Amino acid sequence: MTAPAYRENARILFGTLVALAVWELLGAYTSWGVAMFPAPTRILAQAFADRELYALHGLATLQTSVSGFVIGVSVAVFAALVFCRLPGLELAFRGVNITLFAMPAIVIGPLLVLFLKGDWPQIVLAALMVYFPAMSATLLGLRTVDPRLADLVAAYGGGEGVLMRHVRLRGALPDLFAGFRVAAPLAVLGAVLGEFGSGTRWGFGAFLLSALPQGNPARLWGIGLAASAIALAGYALFLLPARRLSASSTAVTLAAVQPSARPKGGASTRRILLALVAVALPFLIWWLGVTLSHVSPIIAPGPGRTVMFLIEGRHAAAARAALGHALGQTLPIALLGLLAGLAFAFMLAALSLLAPALARGLLPVALVAQNMPLVAVVPFVVLVFGRGTASSVFMAVLVVFFPAYVLLHQGFTSVPKAASDLVAAYGGGRWKQLVHIAVPYSIGHLIAAARLVAPQALLGVMVAEWLVTGVGLGNLLNISRGGLDYDMIWAGALVSILISVAAYEGVGLIERRIAR
Amino acid sequence: MNALPARDREPSSPGAERSVDLIVDRAGKTFETARGPVRALEPIDLKVARGAFVALIGPSGCGKSTLLRMVAGLEQPDDGGAILVRGKHPEQFRKEGELGIAFQDAALLPWRSVTDNIAFPLQILGRPVKGEAAHIQSLIELVGLKGYEAARPGQLSGGMRQRVAIARALVTDPSVLLLDEPFGALDQILRRQMNVELQRIWVARQTTTLLVTHGIDEAVFLGDTVVVMQAQPGRIAEIIEVPFARPRLPSLFSAPEFHALCDRLTVSLHGEGAHP
C-alpha cells in the first residue's frame, strides 16, 4: 500500500469514527435524536435483544435472495450468450428487457403470489430484478471484442465459435462480475419487496411491516441496517474477483476502432418487424403465462381482459376514477423527486469540481448508498419525515440522488484534460472551466442519468406510499391486494409499468436527439 | 523480377504458375458508407513470386492495408476481381493454416502467457498444441524472448509484444506471411532493431512475405521489391526493385546507395515535383 492511500484510509476511518461519535451523542442525549436517530449503542442493544427474530427473518431473506440471485444470473448469462449470437433476437426481446428493467418491482410481488406458492414469489421477484443488470453487463462484455483479435481469428479461418470460446467468454469475465456486483444488492431488494407482496411470515420485509407500527426507532434502524449489510455483502463478494480479473483482461493498448454495440445494417422491414415483436412480446408472455398456468381468469386475467376492465363494464368508470386519483397523487411527486434529485446531484457533482474535498467525502458514501436496498431507508424516512407527503418526496429524491451523483461525477471527471488545459492556458480558473467545459460536457451524462433513474423515482414513491403514507398508486395496489380486487391489481401494475417504460423511452429519445 | 504487374490475365504456361505464390487479378475495393460508395482501391494487378519479400508503401488511404486484408480474406474484392494465394481462394488457403499474419498492434490475448499466445493460431486451426511445445520454444528463442515464456502481455514492452506477434505469425510454419505495419507503433531505434531481426528470421525461412509499411527505409531495407502506392483513389504508382544482396547488414542503413534508393522512392511517392 502506498503512503497516500494509507493516509486516505486513515482519514476515512477517522471521519467514520467522528460521525459515529456525533451520532451517539445526538441519539442518546437529545429528544429528537432519541426519536429519529437512536444512538448506535441502542440500536446494537436492541438488535441483540431481537437476535432470535433476526436469525429467523434474516435467514429467510438470505435464502430467498441467494436462490433468486442464482436463478436470475443463470438466466441472464444464458440470455446474453443467445443475444450475442443472434442480435435479432435481442431486438425482439427489447420490450421484455426494458420492462424488466423499468418495472416498479413492488407491483410484481402481488401478481406472482397468484401463481406461485411458498417462497417462490419472493425468489422469482429477486430473480427478475437480478436479470437485467446481469444480462446487459454480460452482453456488453461478450460484444466488446478487440476487432484486431477478431481479425486474427478470421485470418486463421476460425469462425464465431472459436471467437466465442477463446476470446469472448474470457474477455467478458470482468463485465460479468461487475454485473453480478450490481445485481447482488438488487436480489435482496427483490426478496424484501416480494415479501411485502406475498404476506409471508418470515423475512426482513415481514419484519419491517410488523415493526413499522410499533414505534421502536432502534429496532427500525436495526432492520434497515441489517438489510443493507446483507445487500452490501453481496456487492463486496464480487468486488474482489472483478478487480483481479480486470487487471489481467484489459488490453494493453487501445483498439483504434471502437466496436459497435448495435448490429449494423439490416433491411428496414426486418427492423420494423422486430420492433413490433418487441412491443408485442411482453403481452404475449403475459397471455401465455396466464393461459398455461390454468389459474382462474378472475384471479389472473390476460392483457385483453385487463384493458377492458378499464374501458367497459359496470365498474370501468369507478376503476378509472380510482386509478386516475391515485396517479394524480403519485406522478407529481415522482416527477418532483426526479427533478429535485437530479438537480441536487448535478449541483453537488459540479461543486465537487470546485471543491475536490467534497467529492472525496461524498463519493464513497454515494457508491455505497446507491447499492443500499430502497426499503432499508424506510425506517429512517418514517422517523424523520413522518407519514406525510414529505416522506414520499424524500424517498424519491434519495433513490434518484445517489446513482445520479455517481454517474454525473464520472461525467464531470471524464472531461478531456486537453480541454481544461486550454482554459487554464488562457488564465481561466476552476469556475471558467466549470461553466465553459465541464457543464456542457456533462449534459449527456445528466440525461443518461435521468433515463436510468426515472423508473427508480416511481418505485421510490410507490414504496413510500405502500409502507408509509397510505395514498397514491402504491397504496391503491396494497389495498387491492388486501381486498382481493384482482382486476385492479393487474390494471394498476400495467399502468405503472407502462408509465415507467414510457419515461425510460421518452428520456432515451431526447438523449438520442442530443447525441446526434 | 519478383513482382510484376500482371497485364496478361492468364499465365502463359502452367510451369510459371507454380513459382507464383500470390496473384492479384483486377482486385479493387469499394466501401459502402452513409455518404455513398468510397473507392478505397482501384482494380489492381500484382504477382508475387515464391519466396519473395514484397513491401507495400504509400500514404494513408492508398489502400495498402485493404490489399493485405483482401489477401488474408478479411475483405472481399469488388465483383470482377479475384485474389489467388497458391492457386486457392484466401478463405480456403487460410483454413489450411498456410497463412501467417501480424498487425500494427500486437493484438495479444491479455490473459494468456507468451507461450499460450503463440499457440493461439494452432488452437484456432484445431491442431494439437501439446506436441508443439518444442517448436514454440524455438520460436520464442528465435525472436529473442527466452526467459519470458510465462510473462503476460502487460508485463512486456511494446517491442517485446511485437516480437510475440511475429512468433505467433510463424507458429503454423506458414507459406505466406502477411505483416500489416508490424513495427508502426515502435520508435525509430527499436524499429531498426526489429527490421534487422525480421530479416534474420526471414532469411532462415524464405517465406513469401507481404509487408505493409509507412517507412521508406524499412521498405528498402527489407524488400526485394517495393510496391509504391498512391491515394485518392488507391492505386499502384510504381514497382521498384531493390538490388542489395542478402543478408543485409545494419550498416546498409548508412550506405550512400541505400539513401539514393530511398530518395528515388520519395520522388515516386510524392510525384515529380518533390525534392527529396
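**Figure 1. Strand β4 of chain B and the directions its side chains take.** In this predicted model, B:F53, B:A55 and B:I57 point one way from β4(B), while B:V54 and B:L56 point the other way. Residues on both sides of the strand are buried. A residue is called buried here if 20 or more other C-beta atoms lie within 10 Å of its own.

**Figure 2. The strands that pair with β4 of chain B.** β4(B) pairs with strand β8 (residues 208-213) of chain B in the parallel sense, over five bridges.

Figure 3. Is helix α2 of chain B, residues 64-71, enclosed or open? Eight of its eight residues are buried, so the helix is largely enclosed by the rest of the structure. The buried residues include B:K64 and B:R69, together with B:S65, B:T66, B:L67, B:L68, B:M70 and B:V71. Just after α2(B) comes B:G73, which takes a positive phi of about 80°.

Figure 4. Most residues other than glycine have a negative phi. B:R26 has a positive phi of about 50° although it is not a glycine. You will find B:R26 in strand β2 (residues 20-33) of chain B. Is B:R26 buried or partly exposed? With 16 other C-beta atoms within 10 Å, B:R26 is partly exposed. B:E181 also has a positive phi, near 45°, and is likewise a residue other than glycine. B:E181 sits in the loop between β7 (176-180) and α7 (188-205) of chain B. B:E181 has 21 other C-beta atoms within 10 Å and is therefore buried.

**Figure 5. Two cis peptide bonds in loops of chain B.** Most peptide bonds are trans. The bond from B:Q232 to B:P233, however, is cis, with omega near -10°. B:P233 belongs to the loop between β9 (225-230) and β10 (235-241) of chain B. Another cis bond links B:R246 to B:P247, with omega near -5°. For B:P247, look in the loop between β10 and α9 (256-270) of chain B.

**Figure 6. The two domains of chain B and the contact between them.** Domain 1 of chain B is made up of residues 3-9, 17-98 and 174-270, and domain 2 of residues 105-173. Their centres, taken over C-alpha atoms, are separated by 24 Å. The contact takes twelve residues from domain 1 of chain B and 13 residues from domain 2 of chain B. Which element gives the most to the side of domain 1 of chain B that touches domain 2 of chain B? That element is α7(B), with five residues. This side of domain 1 of chain B has ten nonpolar residues, one polar and one charged.

**Figure 7. Chain B as a whole.** Stepping back, chain B has nine helices and ten strands. Its C-alpha trace spans about 50 × 45 × 45 Å along its principal axes. The radius of gyration of chain B is 19 Å, in agreement with the value near 19 Å for a compact globule of 276 residues. Of these 276 residues, 45% count as buried. Among contacts in chain B with a separation of 6 or more, 71% are between residues 24 or more positions apart.

**Figure 8. Where chain A meets chain B.** The contact takes 21 residues from chain A and 22 residues from chain B. On the side of chain A that touches chain B, the elements giving two or more residues are α9 (147-155), α10 (160-198) and α13 (239-249) of chain A. α9(A) provides the largest share of this side, seven residues. By class, the residues on this side of chain A are ten nonpolar, seven polar and four charged.

Conventions: Residues numbered from 1 in each chain as written. Chains lettered and ligands numbered in written order. Predicted model: local features only at pLDDT ≥ 70, side-chain atom pairs only at ≥ 80, totals over all residues. Contact = placed C-beta atoms within 7 Å. Helix = DSSP H or I, 4+ residues; strand = E, 2+ residues; numbered from the N terminus. Nonpolar A, V, L, I, M, F, W, Y, C, P; charged D, E, K, R; others polar. Buried ≥ 20, exposed ≤ 12 C-beta atoms within 10 Å, placed from the backbone. Rg over C-alpha atoms; globule rule 2.2 N^0.38 Å. Pairing = 2+ DSSP bridges. Domains from an automatic or database assignment.
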